[in-house]
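Please read it with the structure open.

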Amino acid sequence: MMSGKGMDMRRVGRLWLQLFKVAILVIAITPSLLVAGDVASDGLSVDQRIAPVGQVQVEGGPIVEMPGEEAAAVEKPEPLAAPRPQRKDYPGVGVSSRAIVWVVAQMHLFFGALVLAVPLFVLVIELTGVFTRDERYDDMAHEFMKISLVGFSITAIIGGTLALALFMLYPDLMAYMMRVFRVQWLWYAFLFFVESFFLYTYYYGWNALRYGNKKWLHLTLGLLLNGAGMTIMVLANSWATFMMAPSGVDETGVITGTVWEAMKGPLWNPINLHRFIANIGFGGAVVGAYAAFKFLSTRDPKLRAHYDWMGYTSNFIAILAFLPLPFAGYWLMAEIYAYSQQMGITAMGGILAWLFIVQAVLIGTILLAGNFYLWSGMSRTEGSVRYQWMIKYIAAILVVCFLTWMTPHTLILSAREIATLGGSHHKILGPLGIMPAKNIAVNLMLVVTFLSFQLYRRSDKVATVSWAPVANGFMVAIYIVAMLNIIFVGVYYGYFTNTVYKVGSSVVQVASTLVVIIAGLTIDGFLFKGAKKLPSHWGRVSDRSQYALFALPIAFTWLMGLMGYVRSSVKTHWHVYTVMKDNSPDNFIPTIGYAGNMITLVTILFVLFVLFMFWIANISGVKQPRPGAAEGEAA
Amino acid sequence: MAEGRKAMQEKRMGRGATLVAVMVAFVVVLAVFYGLDHLVMGIQGLPLNPDLSPAG
């Protein structure tokens with residue numbers, strides 16, 4: 001017997017089908033209706049009917065020019081160059097316009113990154129749940145979405161504020177950008193509707209579309225949500241990259257190409273890749289902090305086990321996404337150098353070069369925190385005792401590399417100090433301040449971080465295949481040879497050959513690191529197929545480890561703010577590089593101290609907003625008891 | 001007693017086999033990375049001599 005709910009569902013389904021048919025019909029006949037509206041009963045179009053009388057075209061004679069066409073030729077608009085605003089053309093509000101836009105744009109980027117990334121890995125986790133038939137994955141994916149749901153509203157509100165601030169404070173620039181990207185802006189707005197539709201159907205339809213074929217429908221909604229989100233991201237990226245490396249316009253800013261040509265500038269794809277990977281790492285770190293917050297705020301062993309597992313998964317996502325990020329950053333910088341050597345030098349050789357030292361400190365913090373969390377997590381299983389002796393060596397390599405990476409090439413010294421030192425470069429530390437040393441350091445840090453990750457993954461398994469010693473022998477050999485190769489090419493080509501070989505050798509180092517990662521994942525994939533599983537005790541992890549999960553998003557947020565400042569500042573005194581000059585009162589690269597304060601302010605603001613987001617996600621599950629119920633129960 | 005000696009011998013042989021496997025693995029991996037250096041530098045138009053010094 002069909003239940004009332006089932007019948008309702010059927011009725012809704014039939015209604016949907018009818019609506020779908022009507023929509024298809026409307027879409028199919030609309031173009032014909034539009035054309036028909038332009039054609040009269042005599043078969044002539046409106047243009048033909050209103051054509052002037054008296055224009056006779058004699059067969060074989062000269063072509064008579066239609067006045068309409070003549071008028072159109074006269075009215076052909078003059079090509080418009082990029083605006084050249086003067087200082088008076090920038091409305092002021094008493095506070096630095098750049099500071100206002102800086103804070104709002106950075107906040108929008110933080111939340112945008114979060115809400116674009118979370119659905120990406122939520123979809124993968126949900127799919128894992130389908131394949132493993134483990135409902136815990138499904139519940140965790142749903143909870144991740146719950147956290148980020150508030151983030152969507154915050155992103156939209158801040159995005160609207162940013163648009164208003166830009167139009168009010170930089171009207172000429174925005175007018176020009178509107179002219180260059182034309183109809184793309186409307187597509188961008190339309191995509192928000194599309195994304196919202198898929199977001200709400202995906203989130204609120206979670207339990208209604210949980211099993212069987214309906215689950216696949218739900219996964220499709222998630223895929224379409226991600227499709228819309230990714231498209232929004234790449235469209236917005238094209239504006240930033242157009243301002244850095246304009247395309248589709250001539251040197252005066254006159255539009256010479258299509259919107260597509262303006263979009264596909266030389267830096268577009270490097271930025272797309274870099275932001276895509278970074279967003280996933282950032283999103284993983286933020287939801288990891290939520291898991292840590294929940295873990296620390298409960299004593300219930302069941303809940304602690306759940307949030308421990310959630311924290312582990314988040315850290316796994318953040319670190320896995322973080323490993324290839326330096327390579328995407330490397331590609332971006334290489335493309336910046338290829339586009340404009342001056343721009344590259346501004347970024348890495350001038351005032352902004354010091355920020356790469358701060359960047360090294362932050363990346364070092366992320367790697368140390370990520371590794372520490374993995375080492376702490378190994379205590380969940382007894383099998384980890386086999387690998388714990390390696391931790392001290394990994395830690396030593398990480399610390400030495402961290403110190404090498406953050407060693408500056410030049411020091412800020414007084415005349416007396418320079419005299420004592422015998423020059424501006426220290427004899428031993430000087431060589432560690434240049435790129436070859438830093439390339440060695442970063443690659444070794446990534447290799448040993450992957451080793452921590454691999455040991456963690458192995459700690460609850462015992463391989464049962466007969467060829468396990470051979471596979472392990474290969475794995476050890478790959479690690480040792482790869483690390484030696486990274487050091488060899490870094491030292492030899494970096495210090496003893498010419499610059500071209502020095503730059504080329506960094507690609508060899510990247511390739512060596514990638515070989516370790518790919519070989520590690522492949523060998524372990526086969527080696528532990530059907531392996532003996534040792535018990536893991538989720539929740540049996542130190543509280544201290546959870547603070548590493550708080551350190552990760554803060555370092556990520558600060559890092560994103562810092563590198564955003566570098567990316568934007570390389571344009572120096574241009575709104576659109578070499579095409580439209582910035583004549584506002586803020587048309588200079590702000591000092592590092594000022595930028596540091598601004599980035600810190602935005603990071604604190606973001607953390608406060610994230611705490612609000614966590615709080616909202618938390619109270620959605622809280623139900624106030626009916627007044628008097630507690631007394632009644634007690635009695 | 002004899003069983004214990006046999007087990008020890010098997011363990012030693014196992015260790016020996018593992019050592020050989022590790023040595024073979026090292027040789028193979030060294031060859032792979034040597035080829036990788038030539039390949040990656042060559043793709044970038046930076047040829048190397050057999051001793052890995054720049055050929056350009």
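1. **Confidence.** This is a predicted model. Its scores are ipTM 0.84 and pTM 0.79. For chain B, the mean pLDDT is 85. In that chain, 80% of the residues reach 70 or more.

2. **Domain layout.** Chain A splits into two parts, domain 1 and domain 2. Domain 1 is written in two pieces, 87–381 and 536–618. Domain 2 is also given as two pieces, 382–411 and 423–535. Between the C-alpha centres of domain 1 of chain A and domain 2 of chain A there are 28 Å.

3. **Where the domains touch.** Domain 1 of chain A puts 21 residues into the contact, and domain 2 of chain A puts in 25 residues. Which elements give two or more residues to the side of domain 1 of chain A that touches domain 2 of chain A? They are α12 (325–339) and α14 (353–377) of chain A. On that side α14(A) gives the most, with 11 residues.

4. Look at the residues of domain 1 of chain A that touch domain 2 of chain A. They divide into 13 nonpolar and 8 polar. No charged residue is among them.

5. **A helix pair, α12(A) and α13(A).** Two packed helices are described by the angle between their axes and the distance between the axes. Here the axes of α12(A) and α13(A), the latter spanning residues 341–348, come within 5 Å. They cross at roughly 135°.

6. **Residues in the pair.** From α12(A), the contact uses A:M333, A:I336, A:Y337 and A:Y339. From α13(A), they meet A:Q341, A:M343, A:G344, A:A347 and A:M348. The residues of this contact divide into 7 nonpolar and 2 polar, with no charged.

7. **Chain A against chain B.** How many residues does each chain bring to the contact? Chain A brings 20 residues and chain B brings 15 residues. On the chain A side, the elements giving two or more residues are α19 (468–496) and α20 (499–527). The most comes from α19(A), with 11 residues.

8. The residues of chain A that touch chain B divide into 15 nonpolar and 5 polar. Charged residues are absent from this side.

Note on methods: Residues are numbered from 1 along each chain as its sequence is written. Chains are lettered from A and ligands numbered from 1 in the order in which they are written. This is a predicted model: local features need pLDDT of at least 70, side-chain atom pairs count only at pLDDT 80 or more; totals for chains, interfaces and linings use all residues. Domain bounds come from an automatic or database domain assignment. Two residues are in contact if their C-beta atoms, placed from the backbone, lie within 7 Å. Helices (H or I, at least four residues) and strands (E, at least two) are DSSP runs, numbered from the N terminus. Ala, Val, Leu, Ile, Met, Phe, Trp, Tyr, Cys and Pro count as nonpolar, Asp, Glu, Lys and Arg as charged, and the others, Gly among them, as polar. Axes are lines fitted to C-alpha atoms, for helices over the stretch in contact, and angles run from 0 to 180 degrees between N-to-C directions. pLDDT is the predictor's confidence in each residue, from 0 to 100.
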